[in-house]
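What follows is a walk through one protein chain, from the whole to selected parts. Please keep the sequence and the structure in view while reading.

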Amino acid sequence: MENKGNISIHAQNIMPVIKRWLYSDKDIFIREMVSNGCDAITKYKMLKGETGEDLRVTVTVDKEAGELRFTDNGIGMTAEEVEKYINQVAFSSAEEFLKNYTGDDKGGIIGHFGLGFYSAFMAADKVTIDTLSYQEGAAPVLWESEDGMAFTMRDGGRTERGTTIILHIMDEEKEFLDGYRVRQVLDRYCGYMSVPIYLEDMTPDETKKDPDEPTGTEEEEKEKAQTPINDVHPLWLKAPKECTEEEYKETYHKLFHTFEDPLFWVHLNVDYPFNLKGILYFPRIKRDFGGQEGEIKLFNRQVFVADNIKEVIPEFLMLLKGVIDCPDLPLNVSRSFLQNDGYVKKISAHITKKVADRLNGLFNTERKQYETYWDDIHPFVKYGCVRDSKFYDMVKGSLLFKTTAGEYLTLDEYRARNEGKAEKKVYYTTEQNRQAAAVALYTEKGIDVAVMDTLIDMNFMSFMEFGGGNEGLQFVRVDADVTGLTEESEEGKDIDQGKMEKLFRDALGDQELTVKIEALSDHDLPVVLTEEEQVRRYKEMSAMYGQDFGFPSKYTLVLNRLCPTIRALAAMEEGDMSALLCRQLFDLARLSSRPLEAEDLKSFIARSNELIAKLAEKA
Ligand code: ADP
Ligand code: MG
């Protein structure tokens with residue numbers, strides 16, 4: 001019997017589209033062929049139960065013949081089934097595909113399920129199906145097509161149950177005849193499929209090439225060929241209580257090709273109301289937040305689908321690493337659909353809650369351990385709070401502030417410890433070294449200073465102040481004002497602010513300078529230069545986004561009336577000496593937070609020499 005025909009009227013429309021979207025993600029045709037083989041075996045097992053047979057999918061690279069072959073000993077297909085599942089039905093989903101495919105969002109389709117088989121034509125100029133159904137008395141079938149549009153179908157010669165799909169690889173896609181290239185794709189997409197998968201490379205050893213791996217002995221090569229490339233029982237499908245710490249780490253190493261251990265993890269294991277399995281790992285973060293990127297692999301029943309699907313996983317969780325296996329996701333739709341899908345929203349809300357629970361659990365039961373994680377996880381947690389106020393509400397009790405003394409305090413603990421000293425404020429530093437002098441003014445008064453030195457901290461602080469429901473909370477950088485540094489005293493109260501301001505303005509040649517007189521508890525400290533918090537933040541923010549509006553900085557020179565130097569200066573006759581002291585004091589105030597540059601530095605040194613000379617003369 002021979003049967004020729006055209007697959008479907010729609011095929012002419014669909015093939016070019018398939019080729020277009022596959023262009024960016026071509027490798028997946030291998031996944032589709034292998035997963036069909038796995039499906040065929042799964043169906044066979046369902047029908048026959050445990051038969052003790054060695055059920056497997058074999059991928060054969062035959063460079064000489066120019067073929068890639070996918071063989072399985074699953075249920076196979078009868079002629080009627082080929083007709084029904086290959087020739088006709090495939091394109092009902094194709095129609096749907098076309099409907100959803102807008103064409104303008106490249107790579108916008110994340111699942112290609114239902115079109116699987118036809119993806120073969122992306123890489124092949126001829127596809128052959130050689131199959132024999134498990135059904136008694138079934139005749140073998142040989143189906144062939146060169147373009148996925150016209151086909152021939154006739155009796156085949158196969159005697160073993162199962163199917164071989166033969167792809168004659170086109171010239172442009174010869175890379176898929178390289179065993180290492182195929183192995184790479186199999187590792188990526190098929191590493192956790194449910195049926196053992198073997199790779200057989202028929203290329204003679206001498207002509208195999210792999211830049212990374214030295215070729216093993218013949219024995220080793222043989223043994224390798226006898227080991228499945230996949231793990232048919234991924235850890236995330238097991239019950240959490242059956243998994244050991246070692247296994248979690250091992251899976252992490254394998255998934256992310258690293259020897260590093262994760263900090264801790266969350267095992268997702270839900271059956272109802274939706275099916276969601278997975279493991280989310282908190283990686284060690286050593287770099288600054290900006291460069292951090294996690295990786296969450298999305299699986300659909302053990303078949304790898306894609307990395308970092310933003311629509312399914314809440315954006316801030318993308319800093320984590322791990323796997324999510326979600327059989328019910330409607331993957332053959334566009335991303336914009338997923339974004340608005342209520343089901344997807346439920347999944348992502350569930351994941352968020354699980355992550356929050358894990359953090360709270362660690363905080364409540366293993367506080368010390370949790371603190372050791374904090375340096376690694378805080379950018380993630382803070383980013384999560386800023387992005388999702390529900391997440392913030394869940395974890396707010398477990399948020400820590402690291403102090404310059406290396407302690408970790410919650411907001412409540414900070415408040416309790418600094419009661420009467422910090423009111424509703426949290427004092428912080430963005431650069432512990434540069435701001436060391438200002439930090440010391442606070443720590444010497446027994447006030448804790450928080451270290452807020454990552455990119456996300458600025459957003460996080462604004463969020464805590466305005467969006468976090470912390471009535472009146474203010475974050476104040478150590479050099480923003482001196483309200484926390486003063487004490488009650490009558491001394492020096494008679495110093496005339498107007499007169500001192502004029503003195504400094506004239507000496508510095510800056511008529512805009514603001515001068516304030518305060519009673520600072522550090523009596524040896526004559527002056528402090530402060531920069532208004534909100535103005536500074538605004539400037540930093542705009543600089544970060546590359547927009548500097550030239551907004552003027554708002555500095556205030558604070559004179560300490562409890563310091564003898566200032567009182568002496570106030571009592572001094574206005575002249576060269578007072579001007580010299582004003583300039584010197586101003587520079588010293590500046591120096592405590594940033595280095596002086598060029599001209600400023602030169603005149604500072606010259607002035608210092610002048611003062612020393614005067615002292616030496618006197619002595
Ligand atoms: P899907 O796998 O989503 O059903 P595919 O286009 O990948 O869609 O495959 C279409 C159909 O072709 C399958 O549902 C199956 O009935 C049949 N098929 C494909 N490959 C095989 C195979 N190796 N063995 C048995 N049947 C197969
Ligand atoms: Mg399929």
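A residue is called buried when its relative accessible area is under 20%, exposed when it is over 50%, and partly exposed in between, using a 1.4 Å probe and protein chains only. The model is predicted: local features need pLDDT of at least 70, side-chain atom pairs count only at pLDDT 80 or more, and totals for chains, interfaces and linings use all residues. Residues are numbered from 1 along each chain as its sequence is written, chains are lettered from A and ligands numbered from 1 in the order in which they are written, and side-chain values use heavy atoms, with hydrogens and water left out.

By the buried criterion, tyrosine 414 counts as buried because its relative accessibility is 1%. Tyrosine 414 belongs to helix α12, residues 411-417. Helices (H or I, at least four residues) and strands (E, at least two) are DSSP runs, numbered from the N terminus. What is tyrosine 414 in contact with, leaving aside its neighbours within four places in sequence? With contact meaning heavy atoms within 4.5 Å, the partners are Leu409, Ala422, Lys425, Val426, Tyr427, Ile447 and Asp448. Valine 426 is 12 residues from tyrosine 414 in sequence, and their C-alpha atoms are 7.7 Å apart. The side chain of tyrosine 414 also reaches the backbone oxygen of aspartate 448 at 2.6 Å.

Now the chain as a whole. Of its 619 residues, 51% are buried, and the chain holds 19 helices and 21 strands. Among contacts between residues at least 6 apart in sequence, 73% join residues at least 24 apart. The predictor's confidence in each residue, pLDDT, runs from 0 to 100; the chain averages 87, and 86% of the residues score at least 70. Over residues 102-114 the pLDDT stays under 50, and the model has 31 contacts beyond four places in sequence for this stretch.

Next come the sheets. Strands of a sheet pair through backbone hydrogen bonds, either parallel or antiparallel. Here two strands pair if DSSP finds at least two bridges between them. One open sheet has 5 strands in the order β9-β10-β13-β11-β12, with mixed pairing. Its edge strands, β9 (264-270) and β12 (303-307), each pair on one side only. Neighbouring strands of this sheet are turned by 15° against each other on average, direction ignored. Strands β10 (residues 276-282) and β13 (residues 321-325) run antiparallel and are joined by 5 bridges. Tyrosine 281 has lysine 321 in β13 as its bridge partner.

A nonpolar core is a set of buried Ala, Val, Leu, Ile, Met, Phe, Trp, Tyr and Cys residues joined through side-chain atoms within 4.5 Å. The largest one has 77 residues, and those with the most contacts inside it include Phe282, Ile324 and Ile377. Apart from it lies another core, of 61 residues, among them Ala120, Val182, Tyr189 and Met193. Isoleucine 377 is in contact with Leu263, Phe264, Phe282, Leu359 and Tyr370, leaving aside its neighbours within four places in sequence.

Another open sheet has 3 strands in the order β19-β21-β20, again with mixed pairing. Strands β19 (514-518) and β20 (527-531) stand at the edges with a single partner strand each, so one side of each has no neighbour in the sheet. From one strand to the next the twist averages 30°. Strand β20 pairs with β21 (residues 555-560) in the antiparallel sense over 5 bridges, and threonine 530 stands opposite threonine 556 in β21. Helix α18 (residues 576-591) lies across β20 and β21 and runs at about 55° to β20. For such angles, axes are lines fitted to C-alpha atoms, for helices over the stretch in contact, and values run from 0 to 180 degrees between N-to-C directions.

Definitions and conventions
A polar contact is a pair of N or O atoms within 3.5 Å; within protein, one must be able to donate a hydrogen and the other to accept it, and residues adjacent in sequence count only if both atoms are side-chain atoms.
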